[in-house]
Amino acid sequence: MNIGFDYTRSVGPVLGRFVNGLAAHRIEGVRGSDGRVHVPPVEYDPLTAEALTEFVEVGTEGTVKSWTWMAEPLDGQPLSRPFAWALIQLDGADTAMLHAVDVPGPEHMSTGMRVAVRWADETVGHIRDIAYFRPVRTDTADAGPTADPPPVAEREEGDPVGVVITPVHLKYRHSASPEESRYLRALAKGKLIGQRCPVCHKVYLPPRGACPTDGVPTTDEVELPDTGIITTFCVVNVPFLGQRIKPPYVTAYVLIDGADIAFLHLILGCDAADVRMGMRVRASWRPREEWTTSLENIAHFEPTGEPDAPYESFAHHL
Amino acid sequence: MPDVAVIGFAQAPNVRETPGTTNGVEMLVPLLATAYRQTGLSKQDIEFWCSGSSDYLAGRAFSFIAAVDAIGAFPPIHESHVEMDAAWAFYEAWLKIRMGEVDTALVYGFGKSSAGQLRRVLALQLDPYFTAPLWPDSISIAALQARAGLDAGLWSEKDLAEVAARSLADAADNPLAQFSGATGAAELLDSPMVADPLRRHDIAPVTDGAAVVVLASEERARDLVERPAVISGIEHRVDSPVLGARDLTRSPSTAAAGAAAGIDGVEVAELHAPFTHQELILRRELGLGDGVRINPSGGVLTGNPMFAAGLARIGEAAKRILDGGARRTLAHATSGPALQQNLVAVLERRD
């Protein structure tokens, strides 16, 4: 599963001064209560918590205070070719900033070496305006940035940068639990498999790692039919991004006969206005050759035409 | 105010990848059963529950709510959560009992680090304006810290390998450890660099796991177990999040937490040091001499379940007292990059 989000942050007067400086190829720090110059700037003094306001322009060259080698760069890092991470104290600053240094190999790195800013080809008011650092003295040609500039927030022409955007993309592998696996494999065979809690005897569909009432694994397997009732429902009239069915349509909680927990599914086969609480429904399965280990094997539920279940019979499932 | 004691501890096997979900239920259910057995308490006897975990690690929203399934939270329970290592959930539970609000509490932490790319996920712990947007990974940041100490002459690569060798040897007695074995420091130094100057043995593994600790007021604890591990001091402190503004070879927050917790006379210390050099920093800041047994469990270099490992250090330190092996032990937990936040607890036997 790939999860992504563009984090949008307003920068305020202190951090804002720094990023606007970067856009103009200028680096400004802030003087702390003890006279030290912090680069990047901090809004409050780390020792006294006093608000800091005295900006100090510092050099674009500096000294490596510590470093390590990134042999296989990860997604999102400043360079996609091997590079060094370094803590760099710029000339005129008293604190170090973390950034990348572009050298061909770790043998080109040493604590105390002199490096200089390599600006991004397009500077937008973001820490990534510094594409990376390069040794002040080097025989290696500059192969250039490997990353595009970050996204920019909309603003009025001529206004300073007030917002920085940082895209975050993470990849995860979610595994189904053993209980869920049995349920998903059964779906591929056109069956609904739930599990019964050995303590309260409630039947969970899908099964869970533990009964949420009793905290014990639900080990007792129960094969369930593909019929049930609608406990509650919603008529969707509003179009939204990614919608796969044309509104209006009905999503409903379907309580399968013999199960004690309802799941959300789609109701078709009747007018949206005719859907009722307690209505009897049956699964409409997709063609067998399309079945996978997914509840999507059931395309939707549709009314059976049987009499509705009385409210009292499902009131405790609402 | 009542004193508080640890009366039970259980942890899941430290493994590279569990087959279960990221909500930790499969790992927690057997641990809760063990904790009830150890203490004679039942679910209904626990008056406060507190957990530590991370949605970024789980890759899903409200993973800690899904984890509550493991408890069987009916009738409704008194529950809280910290988006930190569960050692900080332990602190919250300790406060609840100290304040006299409850007599018993159960703390748990869980993490399935294998679901995502751990060292990248941890970049989101960093300053979000100027550091996280560069995606520096957790191993690279630790490597910058390790080199600072090498350059300053505070430790050598051999010192680091010796920490790893001792940890692996100790883990041979810990059936739940992910790695163990008798490997000499010289042999370890033959391995290649992972993040110069760190080699593989310097870096805690990626581990899935969970831990559970049960607490009670001292008076209640005496009714439940023979040798409760009474908390004589517990404190946590934090250093600046600005990596370049810190002296990375020091950990003032650890020193301050240790001084406030009162650590004199401890026989055993379980230190949460995910990198070999960090153990050396912690020992120096806490003033732990050669007479103190460090990490008899093998420590997190032999199994580091995120968000549970700090709590497991408290559990391991308590276990030495519960089983009668020691009278005064120290537990340390860390959170954030390069030992940014640190918690120290001291446990003792009173009789």
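In chain B, helix α11(B) gives way to Gly287(B), a residue with a positive phi near 65°. Helices here are DSSP runs of H or I with at least four residues, strands are runs of E with at least two, and both are numbered from the N terminus. The model is predicted, so to read what follows: local features need pLDDT of at least 70, side-chain atom pairs count only at pLDDT 80 or more, and totals for chains, interfaces and linings use all residues. Residues are numbered from 1 along each chain as its sequence is written, chains are lettered from A and ligands numbered from 1 in the order in which they are written, and side-chain values use heavy atoms, with hydrogens and water left out.

Among the buried residues of α11(B) are His277(B), Glu279(B), Leu280(B), Ile281(B) and Leu286(B).

Turning to chain A, three helices and 18 strands are found. Its radius of gyration is 30 Å, well over the 20 Å that the globule rule gives for 318 residues, so chain A is more spread out than a compact globule. That radius is taken over C-alpha atoms, and the rule is 2.2 Å times the number of residues to the power 0.38. The C-alpha trace of chain A spans about 85 × 45 × 40 Å along its principal axes, and 44% of the 318 residues are buried.

The two chains meet through 58 residues of chain A and 50 residues of chain B, where contact means heavy atoms within 4.5 Å. About 4300 Å² is buried between them, 61% of it from carbon and sulfur atoms; this is the accessible area (1.4 Å probe) that two parts lose on being put together, summed over both. On the chain B side, Tyr129(B), Phe130(B) and Leu134(B) lose the most area to chain A, together 18% of what that side buries.

Asp196(B) counts as buried because its relative accessibility is 17%. Beyond its neighbours within four places in sequence, Asp196(B) touches Trp67(A), Thr68(A), Trp69(A) and Pro106(A) from chain A, along with Ala143(B) and Arg147(B) from chain B.

Definitions and conventions:
Buried < 20%, exposed > 50% of the residue type's maximum accessible area, 1.4 Å probe, protein only.
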